[in-house]
Structure formats: structure tokens, C-alpha cells
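Take a walk through this model, one element at a time. Keep the 3D view open as you read.

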Amino acid sequence: MQSSSSTPIALPQHVAIIMDGNGRWAQQKKMPRTYGHKKGVEATRKAITFFAKAGIKHLTLFAFSSENWNRPEDEVNTLMSLFVSSLKKNTDELVNNGIRIRFIGDRNAFNKKLNQQILKSEQQTAENDLMTLNIAANYGGQWDILQATRELASQVQSGALEVDDISADIFEGFLSMAGSPHPDLFIRTGGEQRISNFLLWQLAYAELFFTDVLWPDFSEETMQRALDTYASRQRRFGKTGEQINTA
Ligand code: IPE
Ligand code: IPE
Ligand code: MG
């Protein structure tokens, strides 16, 4: 079924995706894993366009986890140079489409070239407000909570903040995705049903959608199916179904 032009009744404000399955996609074709990552970039472009057109205001993509450094060196190097080249190639299109890009994660481990390109892409798109695109790179949910805690503790130590004033809102202000609401819809391709240290704090009440489709094959049809599935769910946030229905 092709995506319908009608907007689903309940559209998520924020979609977060674990783009998984590049390596297996390539291996199935008897190709090196890095070929899968190259094809994965195309799928990423398609997903950004689809969700922006669908009216999603925040899209967060898991591109490289804190744990992915443990992969073979040539695979890590390929991923790093793919980040630079795809940012270089696609930043103008983001500008034209009103998309603001922001990197979340620990940038300290990236080389100078990548860090410069990240800054450039962020600056060039800073004024765009159609959609915010968060790229999680060298990101880990535990890292994020720890860095926020450190920052919070140092503010308490300096006297800028009182312990009793620490609330969920204040805490979230220190997380790297501050400013974006929590994801409403979480999608993972590639068949695994786990969070893999993605947005641990912010996924508290996300609706989860898993598909066996490998990331390079992630089609508009599957994207639309994820949105339709989301629209069919009842989000209760701890209340009863009756309370939600009569609200
Ligand atoms: C996701 O695909 C991309 C990254 C983690 C960078 P994988 O490379 O994890 O693909 P599989 O899971 O091995 O197939
Ligand atoms: C999660 O995928 C990270 C990204 C998609 C960037 P992994 O392939 O690294 O996850 P695990 O190791 O199978 O849980
Ligand atoms: Mg994987």
C-alpha cells in the first residue's frame, strides 16, 4: 500500500529511530559491511524527507553509539568519513527544506574535520524551524545522563542551583537533546527488539515500533505503517482507558 495523502489522526511530534541492519543487508548481498553503510545514507535521506513532509517536528536518528567504537577499525573509519561527506553533500538541501540539524553525543572523540563540518552544518541550518533533526553520534543514554548529572552537580557546588530545586524539567535542561520534546514514536529497523543505550531518559513513554526490515530497505511504505500504528495506539500515561476516552 502506498502512503495515503491524508494525515493520520494522531501525528507524533517527535520520532526517534535506531537505524539498524546495514551490515547484515550488505552481508546478504555478499558485500562488505561498509557497502551497507553507504546504502544506509540513502535510506537516511529518504527518511528525513518523508518525515519532514509528513509534518513531524522533531526527528532523532541514532547514527553511531558510544559502543560502536568497538567495531573493526576500517568500519569505524568508513562511518566517520561518511558522516563528513554526507553532511557536506546534503547541508544545502537541509537549508532549502527548512530543517535544522543538531548533533547530540560526545564530540570530543571526533577528528577535527568532522567537528568542523558538524559546526558548519549546525550553523548553516540554525534558523530553520520546519523540523529539528537530531543526529545521535557517539551517543549513549548513560553518557547523556552522566554528563547532565556532572553539570548539575557543578552548578550546585558553585551555588547557582539549590538541591531542592532539582526537578525533572531542570534535569532535562542539561540533557543533550534539551529543547526537543520526548519522542512519541520510537522505531527500530533490523529485527532487534532492544534500546541499545539510546535515549534512556526520554523514551519513558514512547510508543515502540519494531520492524525486521533492514535499514537500507526502509521504505516509505514501512514509514507510513509506523505512523499508522502509532495513530492506532491509546497512550494512557498511567491512567485508565476510560479516563482517556472521556477526556
Ligand atoms: C546500523 O547498522 C549502523 C550502525 C550501527 C552504525 P549495523 O552496522 O549495526 O548493521 P547490523 O546490525 O550489523 O546488520
Ligand atoms: C545501535 O545499533 C546503534 C545504531 C544504530 C547507531 P547496534 O547495531 O550498535 O546495536 P546492538 O549492538 O546490536 O545492540
Ligand atoms: Mg546493528
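**A kinked helix and what follows**

Helix 3 has a kink of about 45°, centred on N90. The model is a predicted one. How far apart are the end C-alpha atoms of helix 3? They are 35 Å apart. The helix covers residues 73-96, which is 24 residues, and at 1.5 Å a residue it should span 34 Å, so the two values agree.

After helix 3 comes G98. The phi of G98 is positive, near 75°.

Next, look at strand 3, residues 99-104. Is this strand mostly covered or uncovered? It is mostly covered, with five of its six residues buried. Strand 3 runs parallel to strand 4, residues 131-139, and six bridges join the two. One bridge can be picked out by name: R100 has T132 of strand 4 as its partner.

Now turn to the aromatic rings. The structure holds 14 aromatic pairs. One of them is formed by Y205 and F237.

The Y205–F237 pair links distant parts of the chain, 32 residues apart. Y205 sits in the loop between strand 5 (185-188) and strand 6 (207-210). F237 sits in the loop between helix 7 (220-232) and helix 8 (241-246). Y205 has 46% relative accessibility, so it counts as partly exposed. F237 is also partly exposed, with a relative accessible area of 46%.

Elsewhere, ring pairs build a cluster. Its members are F62, Y139, W143, F186, F198 and F210.

Note on methods:
Residues are numbered from 1 along each chain as its sequence is written. Chains are lettered from A and ligands numbered from 1 in the order in which they are written. This is a predicted model: local features need pLDDT of at least 70, side-chain atom pairs count only at pLDDT 80 or more; totals for chains, interfaces and linings use all residues. Side-chain values use heavy atoms; hydrogens and water are left out. Rings of Phe, Tyr and Trp (its six-membered ring) pair if their centres lie within 6.5 Å; planes under 30 degrees apart count as stacked, over 60 as edge-to-face and the rest as tilted. Helices (H or I, at least four residues) and strands (E, at least two) are DSSP runs, numbered from the N terminus. Buried means under 20% relative accessible area, exposed over 50%, partly exposed in between (1.4 Å probe, protein chains only). The expected span of a helix is 1.5 Å times one less than its number of residues. The bend at a residue is the angle between axes fitted to the seven residues ending there and the seven starting there. Two strands pair if DSSP finds at least two bridges between them.
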